[in-house]
Amino acid sequence: MNALSTRQLALSGLGGLPLAMVALPLYVHTPALYAADFGVALASLGWVLLLARLFDTAIDPLLGLWQDRLSPPRARALLLLAAGGGLAGFGWLVMPQRDWPLLPQLAASLLLVYLAHGWLSIALLRYGAALWPSVHGRSRVAAWREGWALLGVLLAAALPATLAARYGQQYAMQVLAALLLLCSALCLWLLRRAPLALAPAGEHAAPHWRQLWRDAAFRRVLLVLLLNATAMAIPATLLNFYIADLLRTPALAGLFLLLYFLAAVLSLPLWVRLADRIGRVAAWRGGMLLALLVFLPVLGLGEGQGGLFAVVCLLTGAALGADLAFGSALVADVLGERVAAQGGAAFGAVSMMNKLALACAAGLALPLAAQLGYQPGGDASALPWLYAGLPALFKLAACLALPPAVTFSGART
């Protein structure tokens, strides 16, 4: 296949922008909106969020299997339906009917958004993997997609936080919903000119999940993705506690996140070029080792050392670029020619691993923090070991679990 131009690469990953704009508010801003602005009891809110997220995690492999069985015309129709349904669900989430019961509306809107987001995310990963079927090409497609996604994360992080401080949480979320609608409409219009992916090869039938699971290389990469995602999710879970109670600089939390994600965006093309020279697996292992090296000094930081932590954010953000550029591309390498027909099932499993990592991080880090005597606003001496030490173990395990630089489906990685 001929190489894609920069314009084609940019268009191929554009869908990552609106998808990322939706994901962050669902996890970060929705609880505050319904508890503080709408007066929903925390216990009831927690149960609804838990059940909705369990549904979100469990449904992804089924969505992927379904996509593998669709004809191209039906797949395109369902993409448009998912986009419209997701936007409607997000609007309903931030603007519920006050004269209707709030909890059923919250549950219904979350399920609608999660279903649409899962469908579109898997479709985007599946499309990208089949678009440029080579080791060289997949890294570039993934880098553009993740770059757009990081821009979406920055918009979703900065806009609500800035507006909520002045106008309230609901107004901030409504503005974000309007911006999301505009961005989605623009993306759908531009995506008409995106390059076409390869059609499924007739000899590769869509698999039952058990067939895919028998692939040892696929199982190994899934394990790496789960360990690595957990290593990233634990610090994300504890970040605000670490900044507020150990560094004592809560006002700088937004700046730290901005530096982290900007460094990730800027590092993406550098990781892709490094992979061209030394191979994708070796480059990703280097990114993991860099993350370990630059994150461990966090163990020695304390009150008033926000400047040093900002440097850590820059360097770990640069290491994040390797995770974003190589994870999904390595899954596509494992599948090889099967990716067009079996990519939905595979990337549904990848999406499930990422969501399991978020659940594992919360279920592991927060109870451990309480067990070690930490309470928000109190003694934070145990936080560095949980915030940096525990993720380092998962990152090291992911690095060791990475397969060697061998040939997967005919392509050296």
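The questions and answers below explain how terms are applied to this predicted model. Residues are numbered from 1 along each chain as its sequence is written, and side-chain values use heavy atoms, with hydrogens and water left out. Local features need pLDDT of at least 70 and side-chain atom pairs count only at pLDDT 80 or more, while totals for chains, interfaces and linings use all residues.

Q: Why is Thr249 called buried?
A: Buried means under 20% relative accessible area, exposed over 50%, and partly exposed in between (1.4 Å probe, protein chains only). Thr249 has a relative accessible area of 16%, so the residue is classed as buried. Thr249 lies in the loop between H10 and H11.

Q: What does Thr249 touch, not counting residues up to four places away in sequence?
A: Contact means heavy atoms within 4.5 Å. On that criterion, Thr249 touches Ile243 and Phe256.

Q: What makes the phi of Arg248 worth noting?
A: Most residues other than glycine have a negative phi. Arg248 is not a glycine, yet has a positive phi of about 60°.

Q: Why is Ala35 called partly exposed?
A: Ala35, found in helix H3 (residues 30-37), has a relative accessible area of 23%, so this residue falls in the partly exposed range. Ala35 touches Val40, Leu42 and Leu45, not counting residues up to four places away in sequence. The C-alpha atoms of Ala35 and Leu45 are separated by 7.5 Å, with the two residues 10 apart along the chain.

Q: How do you know that the buried residues of H8 line one face of the helix?
A: The buried residues are Gln169, Gln170, Ala172, Met173, Leu176, Ala177, Leu180, Cys183, Ser184 and Cys187. Seen down the axis of H8, these fall within an arc of 140°, so they line one face. The arc is that of the directions from the helix axis to the C-beta atoms.

Q: How does the span of H8 (residues 169-190) stand against the expected value?
A: The expected span is 1.5 Å times one less than the number of residues. With 22 residues, H8 reaches 31 Å from its first C-alpha to its last, close to the 32 Å expected.

Q: What makes a set of residues a nonpolar core, and which residues have the most contacts inside the largest one?
A: A nonpolar core is a set of buried Ala, Val, Leu, Ile, Met, Phe, Trp, Tyr and Cys residues joined through side-chain atoms within 4.5 Å. The largest has 67 residues, and those with the most contacts inside it are Phe218, Trp284, Phe326, Val331 and Phe347. Helix H13 (residues 306-335) provides the largest share of this core, 10 residues. Apart from it lies another core, of 27 residues, among them Leu246 and Cys313.

Q: What is in contact with Gly85, leaving aside its neighbours within four places in sequence?
A: Gly85, in helix H5 (residues 72-94), is in contact with Leu112 and Ala116. The C-alpha atoms of Gly85 and Ala116 are separated by 6.5 Å, although the residues are 31 apart along the chain.

Notes:
Helices (H or I, at least four residues) and strands (E, at least two) are DSSP runs, numbered from the N terminus.
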